[in-house]
Each structure stands twice: as structure tokens, then as C-alpha cells.
Amino acid sequence: MGGGGGPRGRRAASGGYRRYAWTDADADCRLWFRMQAEARRLDVETDRNGNQWAWLGDPTAGDAVVTGSHLDSVPDGGAFDGPLGVVSSFAALDELRARGVSFKRPLAIVNFGDEEGARFGLACVGSRLTAGRLTKEQAYELRDADGISLPQAMEAAGYDPDAIGPDPERLARIGAFVELHVEQGRALDLSGDAIGIASSIWPHGRWRYDFAGEANHAGTTRLVDRRDPMLTYAETVLAARREAELAGAVATFGKIAVEPNGVNAIPSLVRGWLDARAADQDALDAVVAGVETAARDYADRHGIDLTVVRESFTPVVDFSHALRDELSRILGDAAASTDGTTGPSGKVPVLGTGAGHDAGILSESIPTAMLFVRNPTGVSHSPAEFAAEDDCLAGVRALADVLEELACR
């Protein structure tokens with residue numbers, strides 16, 4: 001995704017990417033998407049929620065097969081999370097055309113907007129709006145760190161925020177959605193497989209913790225006289241790790257805001273965001289309840305006022321079993337026809353994941369499935385994220401095999 005000025009949204013200092021929704025970097029990515037689609041003679045449209053669609057065939061015909069992912073990033077994110085799915089979709093179409101296949105169903109490649117939620121704090125905004133999982137009123141309340149609202153950002157980028165909202169007519173046209181994504185873990189690396197199929201997405205959510213104390217001078221205020229919310233926050237971070245270990249889950253405080261944020265000042269407010277995920281709802285509930293109980297205990301001891309707000313939540317997502325089984329059959333047949341296997345096991349592994357995706361949001365509305373491409377580092381949301389060229393090509397071939405079966409037969 002390079003251009004005249006180098007890879008879009010890349011920061012030289014970290015080597016990572018900052019492609020936030022409705023920014024110049026986002027606009028560059030959208031232009032790239034349009035150029036790639038038009039170069040392949042696809043019809044490009046942007047829906048009411050800012051998602052881009054590139055169509056082969058009649059978009060209104062119904063029973064369409066859709067693939068794609070997103071192009072935005074987390075702060076200083078890696079090169080593969082999101083973009084690999086979009087790039088592979090275009091490459092898979094190239095592969096299908098090279099095979100000389102005839103399409104019997106419409107095909108679309110999609111770039112969902114604001115999947116990572118890096119700017120406004122809520123993931124999968126584009127797909128949530130489309131599926132009716134986020135109302136217009138809720139979307140209008142979203143603001144970035146500078147106080148700019150989502151509608152203000154959209155309008156500044158040249159889009160109409162008054163139009164956003166559920167899009168059931170569009171979803172009704174789609175018969176299946178298959179998203180390819182780099183694996184965000186090391187399961188495939190450990191099994192020796194290049195490609196995997198998703199089984200489900202763990203339930204997960206984000207909670208904001210506001211610890212309110214009293215600002216004071218760092219040099220003249222006795223320790224016993226302090227109401228320092230940073231201490232309570234620090235103890236809560238440790239509690240999150242402890243509760244996650246007990247439940248076999250994951251819990252992370254990865255974002256913090258401090259007021260007044262001075263080196264020589266005791267904070268008056270520490271705001272931290274908890275990301276918690278688990279294999280099942282009971283485990284997640286245990287983690288979240290345990291962290292909040294510990295935080296309130298610490299707050300009471302230190303004279304801190306605590307407010308906890310759940311900002312987002314996604315229950316467990318089981319992908320369409322029928323579509324998942326169909327992908328397993330397609331890729332198994334493809335491996336057999338080439339006298340090879342996908343890996344040591346001889347079949348495509350099926351994996352659960354703790355990461356959220358647009359495919360998960362759409363799963364309640366349409367049949368969805370996911371393919372994973374091996375990531376030998378196991379690292380994601382970081383410049384260290386990686387997928388080898390051979391594995392990326394294997395992903396393109398696998399996606400092409402799936403699309404050929406679904407859209408051409």
C-alpha cells in the first residue's frame with residue numbers, strides 16, 4: 001500500500017501505522033481502495049456508514065458473496081491487521097480471473113470503516129452501524145481525544161453524518177461474507193499450518209475506570225495526606241492480571257489519561273480503560289467482577305471516588321457452522337487435488353480467537369466465516385506483526401478456492 005510518499009500512515013519513529021478513521025491517512029487508504037477496484041473494472045460505492053464496496057456483477061441481484069476487511073489501524077499498528085484481508089481479496093479476484101472462471105453470483109470486496117476504534121474508542125463502527133448494533137444517537141455521542149465528535153469528523157472528511165444508520169437492505173443482498181485476516185496469535189505457527197479457519201470469537205468488552213482523587217503538590221504534600229488516584233489505578237492493573245490468570249482469560253489496561261498530567265503534581269483524575277476477553281461468558285463475568293471488586297476496595301482504602309462504565313461489549317460469536325464446514329470441505333478438497341496438505345495434520349485447523357472482527361459483528365445478520373494466515377511472531381497490534389510471503393500467497397489461493405466454490409458453482 002505504498003504511494004508517492006511511502007506507505008500510507010506509517011510513522012518513521014516506530015515503524016508502525018496510524019490510520020485513524022476520517023483522517024488524511026484514512027482518506028489515502030480509501031483512495032487506494034478505489035484505484036485498485038477501478039483498475040479491475042469493479043463498480044465502487046460508499047454506503048451510508050462510510051464503508052466502501054467494490055462490486056463485480058449487479059449489487060441488487062441478491063445472494064452476493066462478499067470478502068474484505070478494513071484498512072484502519074490501532075496506534076502504531078502493524079502492516080497486516082486489516083490490510084492483508086483487503087489486499088488478498090483483490091489478489092484472489094486476480095487469481096480467479098486467471099483461472100478463467102465464470103461468476104454465477106455477484107462478488108464484492110469491502111473496506112469497513114473504523115474497525116479498530118482507535119480514534120473514537122469503539123471498535124467496528126462501520127459494521128456496527130450497518131448491522132444496527134450501534135444506533136445513530138449512540139454514534140453521535142462518540143468523541144475523540146480532542147473532543148471532535150464522529151459526525152464532525154465525517155463531515156470534515158466530506159461524508160454526510162446525517163445518513164448513518166442501519167442498512168438492512170444492503171445486508172439482505174449478501175449470501176455469505178468471508179474475511180481473511182492475519183492470525184493474532186501463534187496457534188498456526190505451533191501446528192505448522194499456513195491457513196486456519198475461525199470457529200468463534202471470544203466474548204469481550206471495554207470498561208472505563210475513572211479514579212478521582214485530589215490534585216496537590218508532589219513535593220510538599222505528605223504521603224499520609226494524599227488522595228492519589230494513581231496508586232489505586234496501579235493496584236487495579238495488577239488485580240486485572242491476577243483475575244485473568246485465575247480465569248484462564250486475558251485482561252489489559254492499555255490506555256490511560258491523567259489530569260492534570262504534570263510531573264510535579266499529584267493527579268486529580270486517572271482514567272484507565274480495561275479490555276477483557278475470555279473463552280466463555282462465565283469466565284469473562286468472573287474477571288470483570290473481580291477487577292471491579294478489587295478496584296473499589298483499593299479506592300475505599302485510599303479515599304478515591306471510582307466510577308466504572310461499560311463502553312462496549314460483544315457476546316461470544318459462533319460463526320455459521322454450515323459455512324465453516326463448507327470452507328473446511330473446499331480447502332480440504334483443494335489440498336487433496338494438489339497431492340498435498342495444508343500442514344502436518346493434513347486438514348485445515350479450526351481456531352477460536354480472542355480478537356473482534358467485522359465478520360463477528362455481521363454474524364447475527366448474515367452467514368459469515370473467517371480464514372487466518374499464519375503469523376510466526378504471534379504479535380499483533382504492533383510493528384512486529386508479520387506474515388511470510390509464501391503464507392500470504394497460500395492465503396490468497398485459499399480465499400480464491402473458497403470464492404470460486406461459493407460464487408462460481
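Which residues does His70 touch, not counting residues up to four places away in sequence? In this predicted model, His70 touches Asp81, Gly82, Pro83, Val86, Asn111, Phe112, Glu115, Glu116, His181 and Asp358, a contact being defined by heavy atoms within 4.5 Å. His70 is located in strand β3, which covers residues 64-70; strands (E, at least two residues) and helices (H or I, at least four) are DSSP runs numbered from the N terminus. With a relative accessible area of 0%, His70 is buried, where buried means under 20% relative accessible area, exposed over 50%, and partly exposed in between, for a 1.4 Å probe and protein chains only. Its side chain makes a polar contact with the side chain of Asp81 at 3.3 Å, and a further polar contact joins the side chains of His70 and Glu115 at 3.2 Å. A polar contact is here a pair of N or O atoms within 3.5 Å, of which, within protein, one must be able to donate a hydrogen and the other to accept it, while residues adjacent in sequence count only if both atoms are side-chain atoms.

Because the model is predicted, local features need a pLDDT of at least 70 and side-chain atom pairs count only at pLDDT 80 or more, whereas totals for chains, interfaces and linings use all residues. Residues are numbered from 1 along each chain as its sequence is written, and side-chain values use heavy atoms, with hydrogens and water left out. The pLDDT, the predictor's confidence in each residue on a scale from 0 to 100, averages 94 over the chain, and 95% of the residues score at least 70. Over residues 2-6, however, the pLDDT is below 50, and this stretch has 3 contacts in the model beyond near neighbours in sequence.

The chain has 12 helices and 15 strands. Its radius of gyration is 23 Å, close to the 22 Å that the globule rule gives for 409 residues, so the chain is as compact as a globular protein of that length; the radius is taken over C-alpha atoms, and the rule is 2.2 Å times the number of residues to the power 0.38. Buried residues make up 51% of the 409 residues, and, among contacts between residues at least 6 apart in sequence, 76% join residues at least 24 apart.

Helix α2 (residues 83-99) has 17 residues and reaches 24 Å from its first C-alpha to its last, close to the expected 24 Å, the expected span being 1.5 Å times one less than the number of residues. The buried residues of α2 include Pro83 and Val86, both of which are touched by His70. After α2 comes Gly100, with a positive phi near 75 degrees. Helix α12 (residues 389-408) reaches 27 Å, close to the 28 Å expected for its 20 residues, and is mostly covered, with 15 of those residues buried. Asp24, by contrast, lies in helix α1 (residues 24-39) and is exposed, at 67% relative accessible area.

A search of the whole structure finds 0 disulfides, a disulfide being a pair of cysteine sulfur atoms within 2.5 Å. Cys29 is in no disulfide, and the nearest cysteine sulfur, that of Cys124, is 17 Å away, too far for a bond. Cys29 counts as buried at 1% relative accessibility, and Cys124 counts as buried at 3%.
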